[in-house]
Amino acid sequence: MLPPPRGGGERAPGDLTWPGGIRQQFRAARPLVEALLTGLRRQPELSGPLGARWLDESDCVGCWEGAAVAAVLFPTGDTITDIRGLDQGAGGGRLLLLINPQWQFSGQVVSDFGFG
């Protein structure tokens, strides 16, 4: 879980809201995702350039894609086809990371994709 930013007024204990919503969360998570990908690309089998693009800009679903690795930040049910395309476009041999700091171990991951 990505903790909300500090400052901006008093928060009650346990308040995990983000005043800026998903856009603010994306701005906070993006450097973490890029650092993770930088570390992974140090492995020879995962090296190579990455391109970044939106899968769905309105919902802040970001994608980083290279020949051996791809990552999707804040994937949604509406982007499942695009995510499958990332995997199939590399013949199923690409490391594919689905990253969503909102997911919790209590189990809403399946329902976030529109089923379950």
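**Overall arrangement**

Modeller: Counted from the N terminus, the elements of the protein follow the order α-β-β-β-α-β-α. That makes three helices and four strands in its secondary structure. Helices (H or I, at least four residues) and strands (E, at least two) are DSSP runs and are numbered from the N terminus. The model is predicted: local features need a pLDDT of at least 70 and side-chain atom pairs count only at pLDDT 80 or more, whereas totals for chains, interfaces and linings use all residues. Residues are numbered from 1 along each chain as its sequence is written, and side-chain values use heavy atoms, with hydrogens and water left out.

Biologist: Where is confidence lowest, and where is it highest?

Modeller: The quantity to read is pLDDT, the predictor's confidence in each residue, from 0 to 100. The protein averages 84, and 76% of the residues score at least 70. Helix 3 (residues 109-112) has the lowest confidence, with a mean of 61, and strand 2 the highest, at 97.

Biologist: How much of the protein counts as buried?

Modeller: A residue is buried under 20% relative accessible area, exposed over 50% and partly exposed in between (1.4 Å probe, protein chains only). Of the 116 residues, 33% count as buried. The accessible surface comes to about 7,200 Å², and carbon and sulfur atoms hold 54% of it. Such areas come from the Shrake-Rupley method with a 1.4 Å probe; for residues, only the protein chains shown count as cover.

Biologist: What share of the contacts joins residues 24 or more positions apart?

Modeller: A contact means heavy atoms within 4.5 Å. Among contacts in the protein with a separation of 6 or more, 48% are between residues 24 or more positions apart.

**Aromatic pairs**

Biologist: How is a pair of aromatic rings described, and how many pairs does a search of the whole structure find?

Modeller: The description rests on the distance of the centres and the angle of the planes. Rings of Phe, Tyr and Trp (its six-membered ring) pair if their centres lie within 6.5 Å; planes under 30 degrees apart count as stacked, over 60 as edge-to-face and the rest as tilted. The search of the whole structure finds two pairs. In one of them, the ring centres of Phe26 and Trp54 are 4.9 Å apart and the planes stand at 40°, so this pair is tilted. It links distant parts of the chain, since Phe26 is in helix 1 (residues 21-40) and Trp54 in strand 1 (residues 51-56), 28 residues apart. Phe26 has 9% relative accessibility and therefore counts as buried, while Trp54, at 36%, counts as partly exposed.

Biologist: How are the rings of Phe26 and Trp64 placed?

Modeller: Their centres are 6.3 Å apart and their planes at 10°, so Phe26 and Trp64 are stacked. Trp64 lies in strand 2 (residues 61-65) and Phe26 in helix 1, so the pair ties together parts that are 38 residues apart in sequence. Both Phe26 and Trp64 are buried. Phe26, Trp54 and Trp64 form one aromatic cluster.

**The faces of a helix**

Biologist: Which residues of helix 2 are buried, and which are exposed?

Modeller: An α-helix has 3.6 residues a turn, so residues three or four places apart point the same way. In helix 2 (residues 80-88), the buried residues are Ile80, Ile83 and Leu86. They cover an arc of only 115° around the axis, so they sit on the same side of helix 2. The arc is taken over the directions from the helix axis to the C-beta atoms. The other side of helix 2 holds the exposed Thr81, Arg84 and Gln88. The buried residues pack against strand 1, strand 2, strand 3 (69-73) and strand 4 (95-99).

**Strands and loops**

Biologist: How many bridges join strand 1 to strand 2?

Modeller: Two strands pair if DSSP finds at least two bridges between them. Strand 1 and strand 2 run antiparallel and are joined by five bridges; Arg53, for instance, has Cys63 in strand 2 as its bridge partner. Four residues lie between the strands of this hairpin, where Cys60 takes a positive phi near 55°. Cys60 counts as buried because its relative accessibility is 2%.

Biologist: What is to be read in the loop between strand 3 and helix 2?

Modeller: Phe74 lies in that loop; its phi is near 60°, a positive value in a residue other than glycine. Phe74 is buried, with a relative accessible area of 3%. Thr79 also has its place in the loop between strand 3 and helix 2, and is buried at 1%. Leaving aside residues up to four places away in sequence, Thr79 touches Leu55, Asp56 and Val61.
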